[in-house]
Protein chains: 2
Amino acid sequence: MAIEWTGSGPELLMRLDRENGDPLHTQVEWALREAIQSGRLRAGERLPSTRRLSAELGLSRGLVVECYAQLQSEGYLSTRAGSATRVAAGATSLLPPPPPAAEPVRPRIDFRPGVPDLTGFPRQDWLWALGEACRTAPVADLTYGEAGGSGVLRAVLAAYARRVRGAVAHPEWMVVCAGFAQGLGLILDALAATGAGRVAFEEPGPAYRDVVTARARVEAVPVPVDEHGIDVAALAASGARAVVLTPAHQFPTGVVLSPERRHALLAWAHERDAVIVEDDYDAEFRYDREPIGALQGLAPDRVALIGTVSKSLAPALRLGWILCPPSLAATIAHGKRYDDRGSPVFDQLALARLIESGRFDRHLRRMRGVYAARRGTLIRALARHAPAVELGGLAAGLHAVARLPDHRQEEVAVAEARARSIGLYGMSAYHLDGRTRPPRLVLGFGHLRESEIEEGVAAVGDALG
Amino acid sequence: MAIEWTGSGPELLMRLDRENGDPLHTQVEWALREAIQSGRLRAGERLPSTRRLSAELGLSRGLVVECYAQLQSEGYLSTRAGSATRVAAGATSLLPPPPPAAEPVRPRIDFRPGVPDLTGFPRQDWLWALGEACRTAPVADLTYGEAGGSGVLRAVLAAYARRVRGAVAHPEWMVVCAGFAQGLGLILDALAATGAGRVAFEEPGPAYRDVVTARARVEAVPVPVDEHGIDVAALAASGARAVVLTPAHQFPTGVVLSPERRHALLAWAHERDAVIVEDDYDAEFRYDREPIGALQGLAPDRVALIGTVSKSLAPALRLGWILCPPSLAATIAHGKRYDDRGSPVFDQLALARLIESGRFDRHLRRMRGVYAARRGTLIRALARHAPAVELGGLAAGLHAVARLPDHRQEEVAVAEARARSIGLYGMSAYHLDGRTRPPRLVLGFGHLRESEIEEGVAAVGDALG
């Protein structure tokens, strides 16, 4: 429906501002575009002649002619020789603005697992490292880099994996990635390309199952975990050609993969020509002794080790690495190239500087002390307020597993706590079928102050024990 | 084959360093692990007793017992009651270190298209913005963020897209991504999920075709480009339900999509319920007039606009954005979540600060001047040294298209230039079939100093014109 231009105050439409820094022709174009986009000027509607509009706005006619030409090039206006300029047919489709998103209600004290202490993030050190990276990066580093990652960082990470995780590592086998989700995705894509489309994972296990199943070409099969880690006989029976697991500190049960299982697992991998994806998610945090060395060191041709800084620094950095089996390294780097053409270079160089300078190790030492103290507080608070609860798992990581007395129901304890604004998480959430077995809670303590841990446990003690 | 421990100088194996900061038990474990991994200690080989090793190394026996226990937990050693400790069976698989990679030989002066001037990257401004981001980000921002990107950056980008590109934009429709490749991948995945598995792209067109075809569920179909842009009749005949194109400045031909084609394209999209992916790759750089406004402003429900900082700042930052059609925004953000759980937060906040502070615009103004001067030098140098060459395309972007006289062969000109260590690139490389039509070169000038442009053209003038 064409509406004639009324002439009643185009300044209402235009709002030209001569004090504003933007050129007047930009302002006119902007105002016209906006009027068409918002539906105030509709398809077919006639615009005033350039003579009339320039007179009304006090602009040169040439300027208005230029504006109309620009908007005609862009498709907003149409002109036919000897006829008026009109809003082009189909120049706009009105869309309602999106509704505001609802804010989720968070519990006052939240024992959500997997969250590190972000107040401890070493901002000064990170900024120092970024500054070093940003100032000293060669110009050639500012373009698309090697998809597998900066050579500088890969060398530092290989040395780190050897030194700290007992890995067998070369820079050429390292692929820098955006964190665990991307790392796993890249490995699964590479495996699918080799025909290994059936992938086992731990049950109960981390919530990244959905990443596994979201990758269309991979079929995910659950394999049970007991107190010695993953059940290798069940794994062998599953027909999987790859397995994703957390051998140093199983998530969420907190057990360690026993030496016998390690050997059985490696024998399975050699026999079936299978790949083991080692999720090294919290290897930096063990409090009673050294962390268990990476499985990768025992079978570098069979194991893809994924590490990240999500627990050690912060998830927001989105930095991780894959120490690839040599036979898969090129395919995985190729996948990274297609995914996003490599991770941001300054971030990579900053991490390299942070590790090389010793500041990363210093930060880890400090955080180990913080986390060990929080874990101690959790143990004492449970003993005091919920004495019937039994604590399991290693003295490691950022979460503990609390077994409730058999007569307690997981979901009831979780709901009662929630009613008191305390966030608790049941083990059943980490089972594929969501069913409760012996009632257990997975208590994240890494991000909570000792006073919050004490207060939170005190508030729900009667609901637990 | 089991070899008995010879006892001839375990210090050869161990290299303990008491001055070194690492604890002695770590050094012993490290040395043993390394000896097994490298094959110096082989499967089945007997280790000295803890008594003997501790005596030889001058360490406490408890320390050596602890080391053996650690390596047994990790699977390197096996112990049976009453029997010697041995290297575990299958504890290691020897892998040769990777061979060093060969360095590619680069031409002395390289007219490779698509490379911005990286010496102009505003390091001070970027570092300032990173510092602001790193110092002021709330602690809550340090964890996993919204997959669609930081709310702060999305608001800034929506305002930028409205102001600079004439787009219709809301923060809720923005998804921050790692650059063009990831942005396109996310859109294609979302389209494939809606059943739009056939995607058209421009022929000749950007080299990201391989990204299109690498995504398994998408079938890529080429549609020819002429002097008015993409051939919409051919597009309609192709049966595609989506098209990827560069309307403001076609890559590589340099033409602009005409107003008539714009309307025909939008009519096609409405009629077929199709999606237009607008690659806004160098919109910031037009030298003779304002850049053509984004197609997205005409049909925000049909167009996904991808912008990045790869040309305006540097590819190494790996930052871009998708202004999504509202109906696809949630699916695309979901895809980003599965891909990498969001882009790095400090980088996102830094870009927001850079734009908000006006430093981004200032940088663009400066670079427009630099690029316009380089383009001028290229035109003059060609006129002087290769007068038979005809320059085409808009006064825009970081590349120009040079048409050679008909009797010249593209690949011969490229080869002759290469022999003189000058990198030239033929238009045929951007055609799917690689065939030469009228001989044309795509000359990237953005990253070359004026003296290099002059020198490079002078060196190959006789081969061109």
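Reply: Start in chain A. Three strands make an open sheet there, ordered E12-E13-E15, with antiparallel pairing. Its edges are strand E12 (390–392) and strand E15 (440–444) of chain A, and each of these pairs on one side only. On average, neighbouring strands are turned by 30 degrees against each other, direction ignored. The model is a predicted one.

Now the pairing of E12(A). 3 bridges link E12(A) with strand E13 (residues 399–403) of chain A, and the two run antiparallel. One position can be picked out by eye: A:Gly392 lies opposite A:Val401 in E13(A).

Next, chain B. An open sheet of 3 strands is found here, in the order E12-E13-E15 and with antiparallel pairing. From one strand to the next the twist averages 30 degrees. E12(B) is joined by 3 bridges to strand E13 (residues 399–403) of chain B, again antiparallel. B:Gly392 has B:Val401 as its bridge partner in E13(B).

How do the two chains relate?

Now the helices. Two packed helices are described by the angle between their axes and the distance between those axes.

Stay in chain B. Helix H13 (residues 359–385) and helix H15 (residues 450–464) of chain B pack at about 30 degrees, and their axes are 9 Å apart. Angles under 35 degrees count as roughly parallel, so H13(B) and H15(B) are roughly parallel to each other. H13(B) passes H15(B) in a right-handed crossing. On the H13(B) side the contact includes B:Ala373, B:Thr377, B:Leu378 and B:Ala381. On the H15(B) side it includes B:Ile453, B:Val457, B:Ala458 and B:Gly461. By class, the residues of this contact are 8 nonpolar, 3 polar and 5 charged.

Back to chain A, for two further helix pairs. Take helix H5 (residues 123–136) and helix H12 (residues 345–356) of chain A. Their axes come within 8 Å and cross at roughly 120 degrees. The crossing of H5(A) and H12(A) is right-handed. H5(A) brings residues including A:Trp126, A:Trp128, A:Ala129 and A:Ala133. H12(A) meets them with residues including A:Phe346, A:Leu349, A:Ala350 and A:Arg353. The contact of H5(A) with H12(A) has 11 nonpolar residues, 4 charged and no polar ones.

The other pair is helix H7 (residues 180–193) and helix H11 (residues 326–340) of chain A, which pack at about 120 degrees with axes 9 Å apart. H7(A) and H11(A) are therefore oblique to each other. The crossing of H7(A) and H11(A) is right-handed. A:Gln182, A:Leu186, A:Ile187, A:Ala190 and A:Leu191 are the H7(A) residues in this contact. Among their counterparts in H11(A) are A:Leu328, A:Ile332, A:Gly335 and A:Lys336. The residues of the contact of H7(A) with H11(A) divide into 6 nonpolar, 3 polar and 3 charged.

Technical notes:
Residues numbered from 1 in each chain as written. Chains lettered and ligands numbered in written order. Predicted model: local features only at pLDDT ≥ 70, side-chain atom pairs only at ≥ 80, totals over all residues. Heavy atoms only, no water. Axes fitted to C-alpha atoms, helices over the stretch in contact; angles between N-to-C directions. Helix = DSSP H or I, 4+ residues; strand = E, 2+ residues; numbered from the N terminus. Parallel < 35°, antiparallel > 145°, perpendicular 65-115°, else oblique. Left-handed = near helix turned anticlockwise from the far one by under 90°. Contact = heavy atoms within 4.5 Å. Nonpolar A, V, L, I, M, F, W, Y, C, P; charged D, E, K, R; others polar. Pairing = 2+ DSSP bridges.
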